[in-house]
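Open the structure in your viewer and keep the selection tool at hand. The tour goes from one stop to the next.

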Amino acid sequence: MKKNVFKNFDFILLGIVLILIAFGLLNIYSASFTFNTPGLPFYLKQLCWALAGLGLIAAIYNLNNEIFLNYSYYYYLFNIILLVLLLVLRVSTKGSSRWLSLGPFMMQPSEFMKFAVILALSRYLMDKEKKLKGFADLVIPIGIVLVPFFLVLKQPDLGTALAFIPIFFISVYLCDLPYRYLFYLITPFLSLLLFKFPALWFSFMVLLALIIYFNKTSRIDAWIVIISSILSGIGQPLLWNFLKDYQKKRIMIFLNPELDPLGSGYSVIQSKIAVGSGQFFGKGWLHGSQNRLNFIPEHHTDFIFSVIGEEWGFVGGFLLLILFFILIIRILDIALQAKNKFSTLVASGISVIFVFHIVVNIGMSMGVAPVVGVPLPFLSYGGSYLLNFLIMIGVLEKIKDEG
Amino acid sequence: MPFISLQTSINPRMKEKLQSVIFVFCIFFIILIFYLAYLQLIKGKDFLEQAKYNRVRIAYIRAPRGLILDRNHKLLASNSVGYSLYITMEDAKNKEAELKKNLTKLFDVEKENFDLIYKNRMIRPYQSQLLLKNISKKQLIIFEENKNSLPGISVRLEPLRFYPSEGICHIIGYLSEVNESKLKDPSGNYDPGDLAGQGGLEQAYDNYLRGGNGREEIEVDAWGRKTKVLAMEDPVKGANLVTTLDLGLQALAEDLLKNRKGAVVALNPANGEVLALVSSPKYDPNIFIGGVTVREWKKLINNPDLPLLNRAIQGQYPPGSTMKPIVSVGALSDDMDNAKILNECTGEFPIKDKVFRCWKKDGHGKVDMGHAIRYSCNIFFYKLGLKLGAKKLINIFKEFNFGNAAGIDIYTEKAGLISEHSQWFPGNTAQLAIGQGYILATPLQLAIAYSALANGGTIYRPFMVSKVISYDNKILKEFAPVELKKIDFPPEAFNMVRSYLWQAVNGSGGTGVRARIPGLDVSGKTGTAQLVARPMDEEEEKRLPAQLRPHAWFACFAPMKNPKICLVILVEHGGEGGTSAAPIAKELISYYLKDEPRNFDMEIN
């Protein structure tokens, strides 16, 4: 057995991850070499986290095959408890309580929650003998997502909370939830968005009624859809009030960054300038003026892509996206080859988490997605998210190994 | 190893679905790549410009402005340093209301000023903006004591223009920040934020005074902090002006006009140098330094005494009897025998149905030209005027440059007025001969004309700057006197009128007796310019409201031989020229010619 330990090991996957981490270290160095922070510089801290993460991959690779299947719910519950604890303790930094202090380290339980949601959802949907036919079958999956969603939203961390949503959709989609139900699930949101335009909203509601009428939908589900859509439409102003001021502002400024060129829109505009000014070949490592002169806040964490775009140009950005794309394809390939439904669901969930982070983060840096603060996998500075992503890589290798 | 394998163990339906997921992800990545290409390859140049604009600032290093000196190199304008309060809105964030309250309480900052800066906070939040210029020592202490309740306020040491003497305000002008139109003017070569002269010498010689700005191209970080200097160019100090003014004379004239409205012009009749040019009331030119506040400006422009008006070159007045010597020179050049005419003055002179009067009710009896000037007899000149005719009178005035701006080297000089009616009535002509009616002149014009009387007929362009010298004492430019024209009247005519003017001051019964200085041979003529018809008696004169009282003039030169100073004094609504203007001339001449050897040769009769 020892001989064949790496027989199925996906070296391409790990290789890409290592390249990304190395590239990340270069950029974190560039982003922070002008900083005057006490203690270890950011790139060295990141290196420590990466090494710890690689250790975790090795550990996971040596775990029993069944362990994730068996401990899915426990892992989920453990993370939920951490999130609740966090809200109770209210350890607050930077206006939100995302961090849990563990001795010398600060950890972000919401990051680990991402994988926990994947595990719990996959575990539940795998168990289901019957197919998903109606809302009744969705109560628990929705619950699995919404509990952490609200806990994280309360911190408040809109970006991380939103990350749970696509996991849910890909999981129920793969488990054959009828397409019309996927539509029903988003009707309350569409209703919410359209309520401002009465004519549109009315036509939308008529269309919805027709779809329900011509598709086999149980009477209860039909009422649920109709009533929830109407309620969310009418309740839209209330829901708007539920958002924090800074979140409202971010949404509005995302729609039009020029609204506030020196306030909330500032980062987006500066980040766009940084990325755009990189042109084809970039300004060279350590030579991005936008980066070096600190025109972009958080450019070593959430806005790391602005550094990459500025210093490595289109060449660097394009190659990075290609690397990410290969990574995603590898993950989906693992999903396709997994030996059971649970593993397929887990791998697919991981792929969608990756895509969500990449699209939202890079989109945000280019000014086409709201500034919600999600890291760019393996490139942004940060310990908790990096560990979580490396754990997921470890699990993928394990799935590949068992497949 | 292929990136994606086709054989799979999962059910075909899920496989199909995963493949459509791959397809959707593919689309996401393609969109990202295209948008990245759009930003970097299509819009890249624009963003590169913006990145450069973000980080590169051009800081102007202002050149110290040149000094303005009087003829003895005493300072008229210099540079000093002062403290100014600056505000950085970013540092005052969320505390604006409190800040505004404290500022108005502690410093009397004008609300409008603060509101304007507050409105612009989003445009320049990190840049400090001027709030209060040139604060006093007391205010500096107040600031230091209350620093903590004044977020975003900082104090800076700045070079400031300084005018040691207030009396020169009308000559010197002031400085203000260049406006948009001047910045756009390519010949101007001004940089944003530069100070440019407004009015007076500061404006006329701005190109010499301001020197050349140096510039420093610096790189700044997101907070506007300087990170490094990219390029540097040293400033060139402004050049100094040496004027023809005599600060002592100027200050004395200013002092003598204190609490009166009026003007003093002193010229060197031999070349047109301006020795003193005073307008009263004055204002403090230092209030304009660093930008005049709204309140101060309103106070200045709403003052009924018009302190901003430079009466010496902009005030246009009827010259009155000071014109009699001018008319006389003209009449003599026409016919020297005009000096011998005897005209009977009975105190009244009817022309058609109107009666014109002499100032002396009972009349002067039979007078010739010399006595008519000495006593300032009107009737003689009415008759002389009628004899010469309007056309000749007007030509005489024009010969002496009346009705023309002489082109003094500061702006806003007025040309006075000679009205050429097509239809003249004899009454108008008679009035013209005594400097009333359709003629207006500035004190400067009168001084130019009297200089011509003094020097035998040369009209010089009056000028105030003799030399421009660089900061290291190299002469950059010298201004020579400019002869505008030579009056084509015979020297005998001038000589004769000069002797009459000497008599008017030194002869018995002369109206200018109050300007007499033994041994200095002051020659001059009084003028009492009527604004309304001459009062019938003293009673009526006393009842005349102050703003309708006549203007008092005195125009003179001294010494008679080889004159060194020509003086014109105007006191608005001062009444008799001989009473209120002549004594001022006496003081000024005594001061200016204090070292002049006295000469007692001339006989007083």
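Which residue forms a salt bridge with B:Lys366? Select B:Glu344: the closest N and O atoms of the pair are 3.8 Å apart. A salt bridge here is a side-chain nitrogen of Lys or Arg within 4 Å of a carboxyl oxygen of Asp or Glu. B:Lys366 lies in strand β16 (residues 365-367) of chain B and B:Glu344 in strand β13 (residues 343-345) of chain B, so the pair ties together parts 22 residues apart in sequence. Strands are DSSP runs of E, at least two residues; helices are runs of H or I, at least four; both are numbered from the N terminus.

This is a predicted model: local features need pLDDT of at least 70, side-chain atom pairs count only at pLDDT 80 or more, and totals for chains, interfaces and linings use all residues. Residues are numbered from 1 along each chain as its sequence is written, chains are lettered from A and ligands numbered from 1 in the order written, and side-chain values use heavy atoms, without hydrogens and water.

Next, select A:Asp10 and A:Arg330. Their side chains meet in a salt bridge (2.9 Å, N to O). A:Asp10 sits in the segment before α1 (11-32) of chain A, A:Arg330 in helix α14 (residues 304-337), 320 residues apart.

Now go to the contact (heavy atoms within 4.5 Å). Chain B gives 47 residues, chain A 59. Find B:Lys17 and A:Asp176, a salt bridge at 3.1 Å between the closest N and O atoms. Then color α1(B): it gives the most to the side of chain B that touches chain A, with 20 residues.

Last stop: B:Arg65, B:Arg161, B:Glu202, B:Asp206 and B:Arg210, linked in a network of salt bridges.
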